[in-house]
Amino acid sequence: LALGSVLDDADAILDAWYPGMQGGNAVADVLFGNYNPAGRAAVTSYASTSDLPAPGAMNPYAGNGSKGLTYRFFNGKPQYPFGYGLSYTTFSYSDLVLNDTKPKACDVV
């Protein structure tokens, strides 16, 4: 996904990929201030398609010198990296405690 010069003309971007049957209502709730949009980017956005390898040069599978078709192959700075996002509220975590001192992979803590 390359946003390019669209960013120069936009005050905000509301990204609603595959929003489902209630997607229109969800977007309306955000636009009218009834909901705090705290989502994060599900994909990496690039400034230009020239930041990406040519379609014929893309290898969808990691290995043999290829890192695959993910953001991991990109050495530059993406426009918006995976997980990027804003919120209109503040929050903090405090006094966090684990219920297990030595959790194993996939354990719920």
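Modeller: Helices here are DSSP runs of at least four residues, numbered from the N terminus. The model is predicted, and Gly-39 is found in the segment after H2.

Colleague: Is Gly-39 buried or exposed?

Modeller: Exposed means over 50% relative accessible area. Gly-39 has 54% relative accessibility, so it counts as exposed.

Colleague: What separates the C-alpha atoms of Gly-39 and Gly-83?

Modeller: A distance of 8.5 Å lies between these two C-alpha atoms, while Gly-39 and Gly-83 are 44 residues apart along the chain.

Colleague: Next, Thr-44. Where is its place?

Modeller: Thr-44 sits in the segment after helix H2, which spans 23–31.

Colleague: Is Thr-44 buried or exposed?

Modeller: Buried means under 20% relative accessible area. Thr-44 counts as buried because its relative accessibility is 10%.

Colleague: Which backbone nitrogen lies 3.2 Å from a polar atom of the Thr-44 side chain?

Modeller: The backbone nitrogen of Phe-82.

Colleague: Now ring pairs. How many aromatic pairs does a search of the whole structure find?

Modeller: The search of the whole structure gives one aromatic pair. Its members are Tyr-80 and Tyr-84, with 4.8 Å centre to centre and 45 degrees between the planes. Planes under 30 degrees apart would count as stacked and over 60 as edge-to-face; the pair of Tyr-80 and Tyr-84 is tilted.

Colleague: How do Tyr-80 and Tyr-84 count in terms of relative accessibility?

Modeller: Tyr-80 counts as partly exposed because its relative accessibility is 22%. Tyr-84, at 38%, also counts as partly exposed.

Colleague: Which residues make the nonpolar surface patch?

Modeller: Leu-14, Leu-31 and Phe-32 make a nonpolar surface patch of about 370 Å². Of these, Leu-31 has its place in helix H2, and its relative accessible area is 62%, so it is exposed.

Colleague: And backbone angles? What is phi of Asp-95?

Modeller: Phi of Asp-95 is near 50 degrees, which is positive in a residue other than glycine. Asp-95 is in the segment after H2, and it counts as exposed because its relative accessibility is 75%.

Colleague: What phi does Cys-106 have?

Modeller: Cys-106 is not a glycine, and its phi is positive, about 75 degrees. Cys-106 lies in the segment after H2. With a relative accessible area of 81%, Cys-106 is exposed.

Technical notes. Residues are numbered from 1 along each chain as its sequence is written. This is a predicted model: local features need pLDDT of at least 70, side-chain atom pairs count only at pLDDT 80 or more; totals for chains, interfaces and linings use all residues. Side-chain values use heavy atoms; hydrogens and water are left out. Rings of Phe, Tyr and Trp (its six-membered ring) pair if their centres lie within 6.5 Å; planes under 30 degrees apart count as stacked, over 60 as edge-to-face and the rest as tilted. Buried means under 20% relative accessible area, exposed over 50%, partly exposed in between (1.4 Å probe, protein chains only). Helices (H or I, at least four residues) and strands (E, at least two) are DSSP runs, numbered from the N terminus. A polar contact is a pair of N or O atoms within 3.5 Å; within protein, one must be able to donate a hydrogen and the other to accept it, and residues adjacent in sequence count only if both atoms are side-chain atoms. Patches are made of residues with over 30% relative accessible area and no salt bridge: like charges are joined within 9 Å, nonpolar side chains (Val, Leu, Ile, Met, Phe, Trp, Tyr) within 5 Å. Accessible areas come from the Shrake-Rupley method with a 1.4 Å probe; for residues, only the protein chains shown count as cover. A salt bridge is a side-chain nitrogen of Lys or Arg within 4 Å of a carboxyl oxygen of Asp or Glu.
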